[in-house]
Amino acid sequence: MTQTESLPLLEALHSTPSRRFLSTDPIPDDVLWELLDAAVRGPSGGNTQRWAWIVVRDEGLKKRIAAWYRDGWNNAYGVHKERILAGGDADGGVGRRGFLAAEHLAEHLEEAPVWVIPVLLGAAGSKNPRLGSSIYGAVQQLMLAARAHGIGSTLTTLHSAHEDEVREALGLPEDALTMALIPLGYPAKGRWAQPKRRPIEEVVHFDTFGNQRSARG
Ligand SMILES: Cc1cc2nc3c(=O)[nH]c(=O)nc-3n(C[C@H](O)[C@H](O)[C@H](O)COP(=O)(O)O)c2cc1C
(Lines give C-alpha, C1' and ligand atoms only; values in the text may rest on other atoms or scores of the structure.)
Protein backbone atom coordinates (compact mmCIF):
# COMPACT_ATOMS: atom_id res chain seq x y z
CA MET A 1 0.00 0.00 0.00
CA THR A 2 2.83 2.39 0.72
CA GLN A 3 4.74 1.51 -2.45
CA THR A 4 5.25 4.28 -4.96
CA GLU A 5 3.31 3.66 -8.14
CA SER A 6 5.44 3.94 -11.24
CA LEU A 7 3.29 6.44 -13.01
CA PRO A 8 4.13 8.50 -16.11
CA LEU A 9 3.93 12.18 -15.22
CA LEU A 10 1.22 13.02 -17.75
CA GLU A 11 -0.89 10.10 -16.63
CA ALA A 12 -0.65 11.35 -13.06
CA LEU A 13 -1.66 14.85 -14.16
CA HIS A 14 -4.74 13.40 -15.82
CA SER A 15 -5.78 11.19 -12.93
CA THR A 16 -5.53 13.29 -9.78
CA PRO A 17 -9.02 14.42 -8.82
CA SER A 18 -9.95 15.58 -5.34
CA ARG A 19 -10.25 12.53 -3.09
CA ARG A 20 -12.64 13.26 -0.23
CA PHE A 21 -13.43 9.77 1.03
CA LEU A 22 -10.33 8.86 2.99
CA SER A 23 -9.52 5.97 5.28
CA THR A 24 -8.05 6.51 8.73
CA ASP A 25 -5.03 4.31 7.90
CA PRO A 26 -1.87 6.11 8.96
CA ILE A 27 0.58 7.48 6.42
CA PRO A 28 4.12 6.34 7.24
CA ASP A 29 6.53 9.09 8.25
CA ASP A 30 9.00 8.38 5.46
CA VAL A 31 6.21 8.65 2.87
CA LEU A 32 4.97 11.91 4.35
CA TRP A 33 8.51 13.24 4.29
CA GLU A 34 8.79 12.35 0.62
CA LEU A 35 5.61 14.26 -0.17
CA LEU A 36 6.91 17.33 1.61
CA ASP A 37 10.29 16.99 -0.08
CA ALA A 38 8.48 16.98 -3.45
CA ALA A 39 6.39 19.99 -2.42
CA VAL A 40 9.35 22.19 -1.52
CA ARG A 41 10.87 21.59 -4.97
CA GLY A 42 8.05 23.80 -6.26
CA PRO A 43 8.53 27.42 -7.38
CA SER A 44 8.34 30.67 -5.45
CA GLY A 45 9.04 34.22 -6.68
CA GLY A 46 12.81 34.84 -6.45
CA ASN A 47 13.07 31.41 -4.85
CA THR A 48 12.34 33.17 -1.56
CA GLN A 49 10.52 30.12 -0.13
CA ARG A 50 8.83 32.23 2.53
CA TRP A 51 6.77 29.27 3.48
CA ALA A 52 6.16 26.83 6.30
CA TRP A 53 4.50 23.46 5.92
CA ILE A 54 2.54 22.52 9.01
CA VAL A 55 1.90 18.81 9.44
CA VAL A 56 -1.17 18.33 11.63
CA ARG A 57 -1.74 14.96 13.25
CA ASP A 58 -2.81 15.86 16.76
CA GLU A 59 -6.40 14.66 17.21
CA GLY A 60 -7.44 17.53 19.49
CA LEU A 61 -6.02 20.13 17.13
CA LYS A 62 -7.69 18.51 14.12
CA LYS A 63 -11.04 18.45 15.94
CA ARG A 64 -10.84 22.15 16.82
CA ILE A 65 -9.90 23.23 13.32
CA ALA A 66 -12.43 20.84 11.71
CA ALA A 67 -15.21 22.59 13.66
CA TRP A 68 -14.13 25.93 12.16
CA TYR A 69 -13.94 24.32 8.73
CA ARG A 70 -17.48 22.96 9.14
CA ASP A 71 -18.69 26.40 10.06
CA GLY A 72 -17.17 27.70 6.81
CA TRP A 73 -18.71 24.78 4.92
CA ASN A 74 -22.17 25.45 6.32
CA ASN A 75 -22.06 29.14 5.50
CA ALA A 76 -20.70 28.69 1.99
CA TYR A 77 -22.43 25.48 0.89
CA GLY A 78 -24.44 23.74 3.60
CA VAL A 79 -27.15 26.40 3.60
CA HIS A 80 -27.52 25.98 -0.18
CA LYS A 81 -27.76 22.18 -0.06
CA GLU A 82 -31.31 21.84 -1.45
CA ARG A 83 -30.65 24.16 -4.37
CA ILE A 84 -27.32 22.56 -5.27
CA LEU A 85 -28.71 19.02 -5.06
CA ALA A 86 -31.69 20.04 -7.21
CA GLY A 87 -29.24 21.31 -9.84
CA GLY A 88 -27.95 17.79 -10.52
CA ASP A 89 -24.55 17.13 -12.08
CA ALA A 90 -24.63 19.67 -14.88
CA ASP A 91 -21.28 21.02 -16.09
CA GLY A 92 -19.81 23.81 -14.03
CA GLY A 93 -19.77 24.15 -10.26
CA VAL A 94 -19.27 21.23 -7.94
CA GLY A 95 -22.51 19.44 -8.99
CA ARG A 96 -24.50 16.98 -6.94
CA ARG A 97 -21.78 14.37 -6.57
CA GLY A 98 -19.15 16.96 -5.81
CA PHE A 99 -21.40 18.51 -3.19
CA LEU A 100 -22.04 15.19 -1.46
CA ALA A 101 -18.35 14.34 -1.51
CA ALA A 102 -17.44 17.77 -0.14
CA GLU A 103 -20.13 17.41 2.52
CA HIS A 104 -18.66 14.05 3.49
CA LEU A 105 -15.21 15.60 3.79
CA ALA A 106 -16.58 18.45 5.90
CA GLU A 107 -18.21 15.95 8.23
CA HIS A 108 -15.15 13.69 8.48
CA LEU A 109 -12.24 16.09 8.05
CA GLU A 110 -10.53 15.21 11.34
CA GLU A 111 -10.52 11.50 10.42
CA ALA A 112 -7.92 12.03 7.69
CA PRO A 113 -4.72 10.76 9.29
CA VAL A 114 -2.66 13.79 8.29
CA TRP A 115 -3.30 17.32 7.16
CA VAL A 116 -0.74 19.59 5.59
CA ILE A 117 -1.31 23.31 5.99
CA PRO A 118 0.91 25.34 3.66
CA VAL A 119 1.64 28.76 5.11
CA LEU A 120 3.11 31.91 3.57
CA LEU A 121 5.16 33.94 6.02
CA GLY A 122 4.88 37.72 5.99
CA ALA A 123 1.77 37.46 3.81
CA ALA A 124 -1.13 38.31 6.10
CA GLY A 125 -1.38 41.96 5.09
CA SER A 126 -0.39 41.44 1.47
CA LYS A 127 -2.33 43.19 -1.29
CA ASN A 128 -0.50 41.25 -4.01
CA PRO A 129 -3.18 39.49 -6.08
CA ARG A 130 -0.54 37.01 -7.28
CA LEU A 131 0.59 36.08 -3.80
CA GLY A 132 -0.60 32.49 -4.12
CA SER A 133 1.62 31.84 -7.10
CA SER A 134 4.53 31.54 -4.69
CA ILE A 135 3.07 28.44 -3.07
CA TYR A 136 0.29 26.80 -5.07
CA GLY A 137 2.72 25.24 -7.55
CA ALA A 138 4.41 23.57 -4.59
CA VAL A 139 1.02 22.55 -3.18
CA GLN A 140 0.20 20.82 -6.46
CA GLN A 141 3.54 19.00 -6.28
CA LEU A 142 2.57 17.73 -2.84
CA MET A 143 -0.73 16.45 -4.19
CA LEU A 144 0.89 14.79 -7.21
CA ALA A 145 3.55 13.16 -5.05
CA ALA A 146 0.72 11.89 -2.86
CA ARG A 147 -0.93 10.49 -5.99
CA ALA A 148 2.25 8.55 -6.77
CA HIS A 149 1.96 6.93 -3.35
CA GLY A 150 -1.73 6.13 -3.81
CA ILE A 151 -2.63 8.85 -1.29
CA GLY A 152 -5.64 11.06 -1.95
CA SER A 153 -5.87 14.76 -1.23
CA THR A 154 -8.04 17.84 -1.72
CA LEU A 155 -6.99 21.46 -1.74
CA THR A 156 -9.38 23.07 0.76
CA THR A 157 -9.73 26.59 2.14
CA LEU A 158 -13.00 26.63 4.08
CA HIS A 159 -11.17 26.98 7.40
CA SER A 160 -10.10 30.47 6.35
CA ALA A 161 -13.18 32.27 7.67
CA HIS A 162 -11.56 31.45 11.02
CA GLU A 163 -8.05 32.39 9.93
CA ASP A 164 -7.20 34.18 13.18
CA GLU A 165 -8.29 31.24 15.34
CA VAL A 166 -6.44 28.75 13.11
CA ARG A 167 -3.30 30.90 13.14
CA GLU A 168 -3.38 30.98 16.92
CA ALA A 169 -4.13 27.27 17.28
CA LEU A 170 -1.13 26.45 15.07
CA GLY A 171 1.12 28.93 16.87
CA LEU A 172 1.89 30.77 13.63
CA PRO A 173 3.52 34.20 13.53
CA GLU A 174 1.03 37.10 13.33
CA ASP A 175 1.96 37.94 9.75
CA ALA A 176 1.57 34.38 8.47
CA LEU A 177 -1.27 33.33 6.20
CA THR A 178 -2.55 29.79 5.82
CA MET A 179 -2.95 29.13 2.10
CA ALA A 180 -4.82 25.82 2.25
CA LEU A 181 -5.65 22.85 4.39
CA ILE A 182 -4.88 19.59 2.65
CA PRO A 183 -6.27 16.41 4.20
CA LEU A 184 -4.24 13.38 3.12
CA GLY A 185 -5.21 9.74 3.33
CA TYR A 186 -5.50 6.48 1.47
CA PRO A 187 -8.75 6.59 -0.51
CA ALA A 188 -11.67 4.64 0.96
CA LYS A 189 -13.98 5.15 -2.03
CA GLY A 190 -13.85 6.51 -5.57
CA ARG A 191 -11.14 6.21 -8.18
CA TRP A 192 -8.31 8.04 -9.85
CA ALA A 193 -10.58 9.34 -12.60
CA GLN A 194 -9.69 12.12 -15.00
CA PRO A 195 -11.04 15.39 -13.56
CA LYS A 196 -13.92 16.80 -15.61
CA ARG A 197 -13.24 20.20 -17.08
CA ARG A 198 -14.64 22.57 -19.67
CA PRO A 199 -13.44 21.67 -23.18
CA ILE A 200 -9.97 22.99 -23.91
CA GLU A 201 -11.22 24.76 -27.07
CA GLU A 202 -13.50 26.83 -24.89
CA VAL A 203 -10.82 28.16 -22.59
CA VAL A 204 -7.74 28.56 -24.82
CA HIS A 205 -7.11 31.79 -26.76
CA PHE A 206 -4.36 32.36 -29.29
CA ASP A 207 -2.41 35.62 -29.06
CA THR A 208 -5.44 37.71 -28.17
CA PHE A 209 -8.48 36.99 -26.09
CA GLY A 210 -11.36 35.69 -28.17
CA ASN A 211 -9.20 34.14 -30.90
CA GLN A 212 -10.15 30.52 -30.40
CA ARG A 213 -9.96 27.41 -32.51
CA SER A 214 -10.17 23.69 -32.21
CA ALA A 215 -7.42 22.10 -30.12
CA ARG A 216 -6.12 20.04 -33.06
CA GLY A 217 -5.64 23.04 -35.33
C1 LIG B 1 -8.77 27.78 -4.11
C2 LIG B 1 -9.48 26.46 -3.90
C3 LIG B 1 -10.23 26.27 -2.76
C4 LIG B 1 -10.89 25.06 -2.54
N5 LIG B 1 -11.57 24.86 -1.37
C6 LIG B 1 -12.16 23.67 -1.14
C7 LIG B 1 -12.77 23.40 0.12
O8 LIG B 1 -12.71 24.21 1.03
N9 LIG B 1 -13.35 22.19 0.29
C10 LIG B 1 -13.37 21.24 -0.69
O11 LIG B 1 -13.93 20.17 -0.46
N12 LIG B 1 -12.80 21.46 -1.88
C13 LIG B 1 -12.18 22.64 -2.12
N14 LIG B 1 -11.53 22.86 -3.31
C15 LIG B 1 -11.49 21.79 -4.31
C16 LIG B 1 -12.33 22.12 -5.52
O17 LIG B 1 -13.69 21.96 -5.21
C18 LIG B 1 -11.89 21.18 -6.64
O19 LIG B 1 -10.58 21.52 -7.01
C20 LIG B 1 -12.78 21.28 -7.86
O21 LIG B 1 -14.12 20.98 -7.54
C22 LIG B 1 -12.30 20.32 -8.93
O23 LIG B 1 -12.32 19.03 -8.40
P24 LIG B 1 -11.72 17.80 -9.19
O25 LIG B 1 -10.27 18.11 -9.44
O26 LIG B 1 -11.93 16.62 -8.29
O27 LIG B 1 -12.47 17.69 -10.48
C28 LIG B 1 -10.84 24.04 -3.53
C29 LIG B 1 -10.05 24.24 -4.67
C30 LIG B 1 -9.37 25.42 -4.85
C31 LIG B 1 -8.48 25.59 -6.07
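# Core, helix packing and ligand shell in a predicted model

Of the 41 residues in the largest nonpolar core of this predicted model, Tyr69, Trp115, Val139, Leu142, Ile182 and Leu184 touch the most other members.

Biologist: Which helices and strands each supply at least two residues of this core?

Modeller: As a general background, nonpolar side chains in soluble globular proteins tend to be buried together. In this model the core draws on both kinds of element, and those that each supply at least two residues are α2, α3 (59-76), α5 (95-108), β2 (114-120), α6 and β5 (182-185).

Biologist: Which residues is Ile182 in contact with, leaving aside its neighbours within four places in sequence?

Modeller: Ile182 is one of the core residues that touch the most other members. Once its neighbours within four places in sequence are set aside, Ile182 is in contact with Trp115, Val116, Val139, Leu142, Met143, Ser153, Thr154, Leu155 and Thr156.

Biologist: At roughly what angle do the axes of helix α2 and helix α6 cross?

Modeller: Two packed helices are described by the angle between their axes and the distance between the axes. Here helix α2 covers residues 29-39 and helix α6 covers residues 136-148, and their axes come within 7 Å of each other. The crossing is right-handed, and its angle is roughly 145 degrees.

Biologist: How do the residues of the contact of α2 with α6 divide into nonpolar, polar and charged?

Modeller: On the α2 side the contact is made by Glu34, Leu35, Leu36, Ala38 and Ala39, while α6 brings Ala138, Val139, Gln141, Leu142, Ala145 and Ala146. By class, these residues divide into nine nonpolar, one polar and one charged.

Biologist: Is Ala138 buried or exposed?

Modeller: Ala138 is found in helix α6, and, not counting residues up to four places away in sequence, Ala138 touches Ala39, Val40 and Gly42. Because Ala138 has 22 C-beta neighbours inside 10 Å, and the cut-off is 20 or more, Ala138 counts as buried.

Biologist: Which residues come nearest to the ligand?

Modeller: The shell around the ligand has seven nonpolar, five polar and two charged residues. Of the 14 residues around the ligand, those that come nearest are Pro17, Ser18, Thr156, Leu158 and Pro195.

Biologist: What is the phi of Gln49 near?

Modeller: Most residues other than glycine have a negative phi, whereas Gln49 has a positive value. Gln49 lies in the loop between α2 and β1 (51-56) and is partly exposed, with 15 other C-beta atoms within 10 Å. The phi of Gln49 is near 50 degrees.

Biologist: What is the phi of Asp207 near?

Modeller: Asp207 is found in the segment after α8 (200-203), and Asp207 is exposed, with 6 other C-beta atoms within 10 Å. Asp207 is a residue other than glycine with a positive phi, near 65 degrees.

Biologist: How many Å apart in space are Ser6 and His149, C-alpha to C-alpha?

Modeller: Ser6 is found in the segment before α1 (9-13) and is exposed, with 6 other C-beta atoms within 10 Å. Although Ser6 and His149 are 143 residues apart in sequence, their C-alpha to C-alpha distance is 9.1 Å.

Methods:
Residues are numbered from 1 along each chain as its sequence is written. This is a predicted model: local features need pLDDT of at least 70, side-chain atom pairs count only at pLDDT 80 or more; totals for chains, interfaces and linings use all residues. A residue is near a molecule or strand if its C-beta atom, placed from the backbone, lies within 6 Å of it. Ala, Val, Leu, Ile, Met, Phe, Trp, Tyr, Cys and Pro count as nonpolar, Asp, Glu, Lys and Arg as charged, and the others, Gly among them, as polar. Axes are lines fitted to C-alpha atoms, for helices over the stretch in contact, and angles run from 0 to 180 degrees between N-to-C directions. Helices (H or I, at least four residues) and strands (E, at least two) are DSSP runs, numbered from the N terminus. A crossing is left-handed if the near helix is turned anticlockwise from the far one by less than a right angle, and right-handed if clockwise. Two residues are in contact if their C-beta atoms, placed from the backbone, lie within 7 Å. A residue is buried if 20 or more other C-beta atoms lie within 10 Å of its own, exposed if 12 or fewer, and partly exposed in between; C-beta atoms are placed from the backbone. A nonpolar core is a set of buried Ala, Val, Leu, Ile, Met, Phe, Trp, Tyr and Cys residues joined through C-beta atoms within 7 Å.
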